[in-house]
Amino acid sequence: MQTSVATEAERGIRYSLLAVVAIGYRRRDPGAVVNALIALVATYLPGRLERRYDVTFRSWQRVYLTSAMLTHAIGMLGPYDDIWWWDHMTHTHSATLLGGLTFAAARRNDHDPGPRVLGVVACAGVLWEIAEYIVHATANHLGWEPLLVSYGKVDTALDLVFDLVGALLVVLLGDAFLENLAETDE
């Protein structure tokens, strides 16, 4: 059962995401609107995973996941452009989410999570960067406002580095922080 503090934090994050939608709409920024709406839907993912896979997230884990959605959505309003470390933080944060999911799945299936976490996060990072480039290039070609922005080769390389930082954090700390998700009933 979630604590009331965690429940209120999740609710606050969802309201904040709705605020990002409203600000993005007011600014006529489709990237902010679409990203915030997707992030809002993703905040319901822990509950869905709990029902589907018979796991129970700790309150802090739920807040950690939903806060990743918020930092990304807020980034679309300007911090990605204005704060040099914002993109690094969100890539690391997102990579720990994917890495954590991979870690728990590997542990639940009695596999060594290290190589799987690194491999999945690295591959997903590369696919994300390719998708980001395609979305940006296609939007530019069509004369539309891009929903995702590609900032060039150096940014792409740094994004992949910080994805791996997140993966390494999960490999190093996964047993301490994810044991509740990695346990099986056997």
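**Reading a salt-bridge network**

E10, R14, E50 and R62 are linked in a network of salt bridges, a salt bridge being a side-chain nitrogen of Lys or Arg within 4 Å of a carboxyl oxygen of Asp or Glu.

User: What kind of model is this, and how are its residues numbered?

Analyst: This is a predicted model, in which local features need pLDDT of at least 70 and side-chain atom pairs count only at pLDDT 80 or more, while totals for chains, interfaces and linings use all residues. Residues are numbered from 1 along each chain as its sequence is written, and side-chain values use heavy atoms, with hydrogens and water left out.

User: Are R14 and E10 buried or exposed?

Analyst: Buried means under 20% relative accessible area, exposed over 50%, and partly exposed in between, with a 1.4 Å probe and protein chains only. R14 is buried at 17%, and E10 is buried at 2%; the closest N and O atoms of their salt bridge are 3.7 Å apart.

User: Where do E50 and R62 lie?

Analyst: Helices are DSSP runs (H or I, at least four residues), as strands are (E, at least two), numbered from the N terminus. The side chains of E50 and R62 meet in a salt bridge at 2.8 Å, N to O. E50 lies in helix 3 (residues 45-53) and R62 in helix 4, so the pair ties together parts that are 12 residues apart in sequence. R62 is buried, with a relative accessible area of 8%.

User: How many salt bridges does a search of the whole structure find?

Analyst: The search finds six, including one between D175 and R107 (2.9 Å, N to O).
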